[in-house]
Amino acid sequence: MMVRLNPSAYNKAHLLLTLVLCISSFTLTEPLETWILLIVCCATIIRFSLFMNWQKHQISLRTLNLLAILSAIVLATFGWQLGLLLGMLNLLVLASSLKLMLLASRRDYFQLISIQFFLIGTGLVFNQNIAFSLLYGALTMMLLLSLAFHISPVNTWSGQIKRTGKLCLQAVPLCIMLFLVTPKLGPMWQMPVGKGGETGLSDKVTPGDLSQLARSSDLAFRVNFDDDIPVMSERYWRALVLEDFDGKSWQVAPFRERIRQRYQRTNHIFTPRTSGPGIAYQVLSEPSKNPWLFGLDLAVTRDNTIWQGREYQLISRYPLQSGISYRVRSYTQAPLLPDVELLDRRLNLQLPEQGNPRTREWAANLRQRHDSDKAFIGAVSNYFQEQEFRYTLNPSPMPTNAMDQFLFEDRAGFCVHYAGAMAYALRLGGIPARMVTGYLGGEMRGEEYMSVYQYDAHAWVEWLSENGWQRLDPTALVSPLRLEFGLQRAVEYEDSFMQGSALSRLQQLAWVNELRMLLADMDYLWSRWILGFDRDNQEDMLKALLGEVTPLRLALAGAALVLFTALLLAIYQYKHWLVIRHSSPAYYYHKGLRLLERSDIERPRWMGPQDFNSLVQQQQPAHVARQFDKMTRCYLRSSYETRDDAEQQILKKRMRFLLAKLKKALKKKPPAKRQGF
């Protein structure tokens, strides 16, 4: 009795489809639930076992239906907090995994192929760096290779890879052209925040938070300056303004946040007053899942997707689920005037009702001795300079009365400790003050661009004077090296930069650092010219090509683009509209048929080569019939007998020789009446 082979055994199309689903799912570990990834692993193991013929039968339909019902119940119960879009993404991956376990028909296969293309596009929303883009490109080629094996399962790996790669190369010019000319549309909906934690700064800061962030070497954003580059001590990249203080943590004032949301709903736009020279630059921000952006004071942008806050913040209208590119002009000499001075004073004089008694008493004594605001600020600054304060990434925990412990006991902390203590002391002295968080500094790559990392996170103070908000950085009083040379130089004495990691030690090696900078250059070029290619870049390109952009010129350019596309398609398909390839003996046989047609000897379409040859032998002169008989025999041998390349080359030369002989024979034959067969 014959054993029936499992139809999925050694099925290369199913194996490639399985690998694509598994890899693409694990690139989406952040938006996908962990238990769904486990089901993807189970589906992969089942399908691989079927491919290797270790498992003879697929799981039963009853088992699959039970698993689908249980999974749907779990997703509906615990996945509601994900939101609609992430919930649908989890459901799609779950359904794909279950369908993969029971892949029974061509319809199932083509459904899964379509879903995988969609998942790859979804992955590009969450992961847009060059490494993931190359990975998703490879997954796309694997899907095309799976389709090729599904259509021609007996072909070899090398043949299918060559064929698929050739088709992908042919599509590259069209992809580039579509990338350059396709209109850049804004997001049609707001992408939800994934289940993972936010990266970068937070809208609530407790002493010690930024010191943890400062141990991260992740990239925050890059900057490309059009003009002069500001010195290190002037690179204060504003991100968040924290005005609410509860005695322990600083956060965005809830009342201020409600006002901002109301202004956004009514599209009430704030236009800052600018003065003095401006610095133009482009920012390439990494995804942070937060809406706030970065700019030097006073930052102004014309990007419609960015909201200009009244605290001189730049806020994206959508959380940065992916990277963003935007252009900014900063007026560093312009004053930061309060939008509503009464509101600013009221928010930034609020104090917790109790706590930190020693700090309260100390500030009250200083205020009694110094009537003016500047004198009081000078006295507080002198205290930081005169006492033995220390700048460190490893401060002691301060669970209660943090200001008292920091100012009078430990005297060691990070920038948040100094900024928080200074702002609190100024409020105790009746001076409106607030904390601003962002980044300070940045690593220059020659004169090309600047990279700002998470370890450049910083906090400083702004206090309200008669001329507007004034910046005051108490860190500069304790650790001037932080402003002039960056965080690494400021804390190198205690070896706490990135916790003395292997990465920080390897960066001391010249070749390692050069390799790191080379990879950074590649990522920068990818972010600027590919991810940063927006509507403004597209308009600049059209102006450079067309001069003045008018409807007539756009129409002519569109027509030229269509013709160019048609020409490319024609070039790609030239082998199909050429009659026969010269490399085949069949080319010479069909050319011989055309020679006979010119002499009124035409072969009916329904007649085969052997029958037509018999009729030619009966009705044509011997010198013509003999040459055509030899051509027909060579053609049949080349078409229906298995031969290697060397024998095919011999037959091709033979056919070319016989074609010349047939042509001479027909010239000797007088014109005859049209023959009917």
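W362, Y383, F384, F389, Y391, F406, F408, F414 and Y418 form one aromatic cluster in this predicted model. Rings of Phe, Tyr and Trp (its six-membered ring) are paired if their centres lie within 6.5 Å; planes under 30 degrees apart count as stacked, over 60 as edge-to-face and the rest as tilted. One member of the cluster, F384, is in contact (heavy atoms within 4.5 Å) with F389, F406, L407, Y418, A421, M422, L477 and V478, leaving aside its neighbours within four places in sequence.

F384 also belongs, with W237, Y281 and L426, to the residues with the most contacts inside the largest nonpolar core, which has 66 residues. A nonpolar core is a set of buried Ala, Val, Leu, Ile, Met, Phe, Trp, Tyr and Cys residues joined through side-chain atoms within 4.5 Å. Helix α14 supplies the largest share of this core, 10 residues. Apart from it lies another core, of 39 residues, among them L86, L89, L98 and L119.

Residues are numbered from 1 along each chain as its sequence is written. In this predicted model, local features need pLDDT of at least 70 and side-chain atom pairs count only at pLDDT 80 or more, while totals for chains, interfaces and linings use all residues; side-chain values use heavy atoms, with hydrogens and water left out.

**Aromatic pairs and charges over rings**

The whole structure holds 33 aromatic pairs. Two of them are listed below.

| Pair | Centre to centre | Angle between planes | Class |
|---|---|---|---|
| F48 and W54 | 5.6 Å | 80° | edge-to-face |
| F612 and F628 | 5.5 Å | 90° | edge-to-face |

The second pair links distant parts of the chain: F612 belongs to helix α24 (residues 609-619) and F628 to helix α25 (residues 622-640), 16 residues apart. Helices (H or I, at least four residues) and strands (E, at least two) are DSSP runs, numbered from the N terminus. Both F612 and F628 are buried, whereas F48 is partly exposed at 36% relative accessibility and W54 is exposed at 58%. Here buried means under 20% relative accessible area, exposed over 50%, and partly exposed in between (1.4 Å probe, protein chains only).

R310 lies over Y263 at 3.9 Å from the ring centre, and R434 over W469 at 3.8 Å.

**Sheets and packed helices**

Two strands pair if DSSP finds at least two bridges between them. An open sheet of 6 strands, with antiparallel pairing, has the order β8-β11-β6-β2-β16-β15. Its edges are β8 (299-300) and β15 (443-445); each has a single partner strand, so one side of each is left without a neighbour in the sheet. Strands β2 (residues 219-225) and β16 (residues 449-453) run antiparallel and are joined by 4 bridges, with L219 opposite Y453 in β16. Helix α19 (residues 510-531) packs on this sheet, touching β2, β6 (279-285), β15 and β16, and its direction makes about 70° with that of β2. Axes are lines fitted to C-alpha atoms, for helices over the stretch in contact, and angles run from 0 to 180 degrees between N-to-C directions.

Five bridges join β17 (residues 457-465) to β18, and the bridge partner of S465 in β18 is G468.

Technical notes:
A charge sits over a ring if NZ of Lys or CZ of Arg is within 6 Å of the ring centre and within 35 degrees of the ring normal.
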